[in-house]
Amino acid sequence: MNLRIRGMLNLETMLLRSSDGLIYYQFPILNRCAGISHGVFTRKGGVSQGPYESLNMAIHNGDRVEDVCENRSRMAKALGGNVRLVCCSQVHGDGVHVLSRMDIDSSDERLIVADALVTDIPGIALVIQVADCQSVLLFDPERRVIANVHSGWRGSIANIVGKAVRVMQERFGSKAEHIRAGIGPSLGACCAEFIHYRTEIPEVFWSYRVDDTHFDFWRLTRDQLTAEGVLESHIEDSGVCTRCRSDLFFSYRRRKVTGRFASAILLQ
């Protein structure tokens, strides 16, 4: 379980950034690409209080709306200033939503019910909010298409990340071998425990167990990406478990009442 694999990073090898007290990380493989901005934002640098302290990005989990709006404003500034953030109503499904101009003009994220966002429109930050689930950032530098995927264990079973890659191919002409991917902080195999996995997780996925009840969903996501044709050398995994590092990232497994941190990506 301690074996490092190609493309697996850690907090020392990810790129640390800060903006007016807000702390976030970047994937080296995405940072080397021209014309995009991205970040995996920690829970540091916001104004939320109590269990949501401090950079909570979720607006419907009990936090003060005005505090979340301020937190999101700070994230937009870190991403480049005059940036429109687009969030969605995440339902742990496999819906992939391609953004339209109507989506961008709306301020109600509940109107977009999906767990993956895709666009080729510049200046739009695709935002996914998590607290143990994976966020997977995708970028095709040839066709200039980005995606942000919310993949919890249900999404992983439904292969939402593979579906997002196929949408990029079918709608925008992307080639899988051109796509770069960054797998954000989430439950590691150390903490992804499923006591009732026999009734929750289909048997075809049991090979991803690392012991009697723990699963390696990072490896599953990598396998799903490579199965679609994404090159192993184009995938980076943060290698950071949110439950172990709840000092930096919100973790639902660690504290049931908690905030959500965000990952975001945009075409400049």
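Helix 5 (residues 160-172) contains 13 residues, and its first and last C-alpha atoms are 18 Å apart, close to the 18 Å expected at 1.5 Å a residue. The expected span of a helix is taken as 1.5 Å times one less than its number of residues. Helices (H or I, at least four residues) and strands (E, at least two) are DSSP runs numbered from the N terminus. The structure is a predicted model, in which local features need pLDDT of at least 70 and side-chain atom pairs count only at pLDDT 80 or more, while totals for chains, interfaces and linings use all residues. Residues are numbered from 1 along each chain as its sequence is written, and side-chain values use heavy atoms, with hydrogens and water left out.

The buried residues of helix 5 are I160, V161, G162, A164, V165, V167, M168 and F172. Buried means under 20% relative accessible area, exposed over 50%, and partly exposed in between (1.4 Å probe, protein chains only). The cover over these residues includes strand 5 (96-98), strand 6 (116-119), strand 8 (134-140), strand 9 (145-151), helix 4 (153-157) and helix 7 (217-227); contact means heavy atoms within 4.5 Å. G173 follows helix 5 and has a positive phi, near 75°.

Helix 2 (residues 65-79) has 15 residues, which should span 21 Å at 1.5 Å a residue; the end C-alpha atoms are 21 Å apart, in agreement. In helix 2, D67, V68, N71, R72, M75, A76, A78 and L79 are buried. Among the elements that cover the buried residues of helix 2 are strand 1 (15-19), strand 2 (22-26), strand 3 (36-41), strand 4 (84-86), strand 7 (124-130) and strand 12 (261-267). D67, a residue of helix 2, has a relative accessible area of 11% and is therefore buried. When residues up to four places away in sequence are not counted, D67 touches V47 and S48. After helix 2 comes G80, with a positive phi near 145°.

The protein as a whole has seven helices and 12 strands. For its 268 residues, a compact globule would have a radius of gyration near 18 Å, and the value of 17 Å agrees with this. The radius is taken over C-alpha atoms, and the globule rule is 2.2 Å times the number of residues to the power 0.38. The C-alpha trace spans about 45 × 45 × 35 Å along its principal axes. Of the 268 residues, 56% count as buried. Among contacts with a separation of 6 or more, 62% are between residues 24 or more positions apart.
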